[in-house]
Structure formats: C-alpha cells, structure tokens
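Please open the structure in your viewer and keep the selection panel at hand. The stops below say what to select and what is there.

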Amino acid sequence: MDAFDVTILGCSSALPAFGRHPSSQLVHMAGRYFLVDCGEGAQMQLRRFSLKFQRISHIFISHLHGDHYLGLPGLLSSMHLLGRTEPLHLYADEGLNQILEMNNKYSHTVLKYPVVFHPLDFSEPKLLFEDEKVKISTLILKHSIPCCGFVFEEKEKPRKLRKEKIAELNIPIASMEGLTRGEDYVAGDTIIPNAELTADPLPPRKYAYCSDTAYKPDLVPQLQGADLVYHEATFMEDMRARAEQTMHSTAKDAATIAKEAGIKRLILGHFSARYKDLNPLLEEAHNVFPQTYLAHEGEKNYV
C-alpha cells in the first residue's frame, strides 16, 4: 500500500508561541510530496525533521495572511541556492505571484528553476491537480479574505489479482491488465467471472486541510467520510465572540463539522497564542467528537 501521511510543520495561528510555528504541513502521498501553506520557519522545520524539501513538487497556499505564506520566499530561495532545476508548481491567490515577482525584482534574483503559478478560484470548489494515482481539490472556506482548504484523495486502485487462482487456471499474462480493471476472463466459450480471479482493492483514502475558517456547515459534503481532517481551532467557546469577529472556529466548531461529516479522525490546529496548555481545547472537542487529536509539530499522521 502506498504511503499516505501528513507531517505537521506548524500549528500556531498568527503568532508563533510556546514553541509552535505558523501554519505549514507536508503531505506525502503515493510517492509525491506536497507542501500545504508555508508560514515563517517552514524550511527550518523541514530541515529539523529531516524532510527533503527538494522533493516537493507542488505547493498550495490557502490565503494571503502572512502566517500562511511568509516562509515561502525563503524556501524558494534555498531551493535555488541548492541547485534545483525541476519545475515547482505553486497554487495560490493571484496576488502572491505579484509579491514574489516584486521580491525577485528588488533582490535581483533569477531562479534556476521554473515556478509554474496556478491562480486559485475562490468562487467554488475546483480540481487543481490529477494524475493516475491522486487528485487534489479546493474547499472554499469562510474567512476575512479569500481562503480555501484542500482535499487530497487517492484514486480507486486496480483490483487485486488472486495469484494462486490465476496460476491454477493458467490465465495468460496478457489478460492481467483487463482483470485489474474488473473485466471477466474470456477465452473462446470459457468465461470466468472477475470476482473469482481478483479481490476488492483497499478503499481509497482521503485527507482534508481546513485552513482559517469560521464555522461552515457547507463543508460537510466535501469532507464526508474522510479518513483524516485537519481543521483550525483557534479559540474555545468562551471566546466565541472573538472567533466570529475574526472569522475563525472554536474547537467545538471543528468537532461539530467532523461529526456531521462522519470522518474517522480529526486533528485540531491553528491555535491562538493565548493558549499555552492545549488540553482544554482537546477536551472541548472530545465532548462532541471523541476521535479528536491535537496537532503536534514533527508528528507524522497516517491517513
């Protein structure tokens, strides 16, 4: 089974506090590496946890608040200085392209590798990336500026061959590809149902990253049945007025979304700097959705 895991690089909100860094995480999926948000210190965290950032092929920036992108110019520069030549795909608000172009202009920097910029559309969910194994889409969030989250999904896997049965019946190699697609084996008048020769594959896994957002029940259909969801929980319920003013969620909000979507596990993150002890946020969420966990930087979360 292909690896599918998420390493938290930063789980603080606007201010770094108590050893917690601004938002960033690395998604490892089917041999591909995707960076999601890039707050200050992201590249230091990548080094700290021995993650090879030159293997990152795509970067997704949820929105243009500084705690989600200010680490990006430094990371791009380091990739350049270390001799990167492979293209890097960057998905973000169009404004970030202008910011990076201005930074390079005044620092007289010409990157040694191409950055392929993909402007995000915040009007409705869109498919951003797709290959033979994975697909990545946007979640439209509810925040003070245009903001989106991202859904990482495996594609349906080929059916698993029953090798002993195939050997017993002398099924030719040329028929294998069709069997993995669900076709029956046909040779003259002989028809062997696919179910006798193959087994169901493991179900495709799904991870969703919900960046800064107020409580938004509209997210439930896209999160439905996810194996793992990271959802911001900037405040507790006693700070609900502040959460609504800043268009953020409480721990209870995140847990409510998780329960309504029927997900398997929830990770809370984007914690306000007012909280040194995060256990009260965890307890608040547990009261609604027991399969809730706190984000821990450097921790690998398996999907």
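Begin by selecting Lys264 and Asp227, which form a salt bridge in this predicted model. Their closest N and O atoms are 3.0 Å apart. Lys264 belongs to the loop between H9 and strand E16 (265–269), while Asp227 belongs to the loop between helix H7 (220–223) and strand E15 (228–232), so the pair ties together parts that are 37 residues apart in sequence. In total, the structure holds 15 salt bridges.

Next, select helix H9 (residues 251–261) together with helix H10 (residues 279–286). Two packed helices are described by the angle and the distance between their axes. Here the axes come within 8 Å and cross at roughly 35°, and the crossing is right-handed. Which residues meet where H9 and H10 are in contact? Show the side chains of Ala251, Lys252 and Ala255 in H9; these meet Leu281, Glu284 and Ala285 in H10. The residues of this contact comprise 4 nonpolar and 2 charged ones, with no polar residue.

Now turn to the empty space. Rolling a probe the size of a water molecule over the atoms shows where such space is left. The largest pocket holds about 300 Å³ of space. To find its centre, select Ser13, Ala14, Thr234, Phe235 and His248, the closest to that point of the 17 residues that line the pocket. The lining of the largest pocket divides into 9 polar, 4 nonpolar and 4 charged residues.

For the last stop, select Leu26, Tyr33, Ser50, Leu51 and Lys52, which lie nearest the centre of the second largest pocket. About 150 Å³ of space lies there, and 13 residues line the pocket. Colour strand E1 (4–10) and strand E2 (24–29) as well: each supplies at least two residues of this lining. How do the lining residues of the second largest pocket divide into nonpolar, polar and charged? There are 6 nonpolar, 3 polar and 4 charged residues.

Definitions and conventions. Residues are numbered from 1 along each chain as its sequence is written. This is a predicted model: local features need pLDDT of at least 70, side-chain atom pairs count only at pLDDT 80 or more; totals for chains, interfaces and linings use all residues. Side-chain values use heavy atoms; hydrogens and water are left out. Axes are lines fitted to C-alpha atoms, for helices over the stretch in contact, and angles run from 0 to 180 degrees between N-to-C directions. Helices (H or I, at least four residues) and strands (E, at least two) are DSSP runs, numbered from the N terminus. A crossing is left-handed if the near helix is turned anticlockwise from the far one by less than a right angle, and right-handed if clockwise. Contact means heavy atoms within 4.5 Å. Ala, Val, Leu, Ile, Met, Phe, Trp, Tyr, Cys and Pro count as nonpolar, Asp, Glu, Lys and Arg as charged, and the others, Gly among them, as polar. On a 1 Å grid over the protein atoms alone, a cavity is a set of points where a 1.4 Å probe fits but cannot get out, and a pocket is an open set with protein on both sides within 12 Å along at least five of seven lines; lining residues have an atom within 4 Å of a point. Grid points are joined across faces, edges and corners, and a volume is the space filled by probe spheres set on the points. A salt bridge is a side-chain nitrogen of Lys or Arg within 4 Å of a carboxyl oxygen of Asp or Glu.
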